[in-house]
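Good morning, and thank you for the time.

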Amino acid sequence: MSEKTSQPWWKYGHVWLVISGPLIVVVAALVTAWLAFTRQDPVLAQDYYRQGLEINKTLALQGSLAPAELGRNHAATPPGAVRQK
């Protein structure tokens, strides 16, 4: 019988398969941290809530959102089944 000599650990493919998953996660975390620290956060307006209320009032004056409901439900319901406002 001949004995097989053992190879170094880095020559086995399954070792790299096991190592690659956590390694990819670590690299992605480092990239995410780098992006978080190098990019500036956007500054909101001081009266962002009031501006949102004004936008809602403007949209309410323009009409109902029925066309959006029809488009959203078009694939699941037959025409005419959506209640009209």
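Two remarks on the source are in order. This is a predicted model, in which local features need pLDDT of at least 70 and side-chain atom pairs count only at pLDDT 80 or more, while totals for chains, interfaces and linings use all residues. Residues are numbered from 1 along each chain as its sequence is written, and side-chain values use heavy atoms, with hydrogens and water left out.

As to the overall fold, the chain has three helices and zero strands, in the order α-α-α along the sequence. Helices (H or I, at least four residues) and strands (E, at least two) are DSSP runs, numbered from the N terminus. Helix 1 has 26 residues and spans 37 Å from its first C-alpha to its last, close to the expected 38 Å; the expected span is 1.5 Å times one less than the number of residues.

Of the 85 residues, 4% count as buried, where buried means under 20% relative accessible area, exposed over 50%, and partly exposed in between (1.4 Å probe, protein chains only). The chain exposes about 8,400 Å², and carbon and sulfur atoms supply 65% of that area. Accessible areas come from the Shrake-Rupley method with a 1.4 Å probe; for residues, only the protein chains shown count as cover.

I turn now to the tryptophans. The whole structure holds two aromatic pairs, that is, rings of Phe, Tyr and Trp (its six-membered ring) with centres within 6.5 Å; planes under 30 degrees apart count as stacked, over 60 as edge-to-face and the rest as tilted. W9 and W10 pair edge-to-face, at 6.0 Å centre to centre and 85° between the planes. W9 and W16 form a tilted pair, at 5.8 Å and 35°.

W10 itself lies in the segment before helix 1 (13-38).
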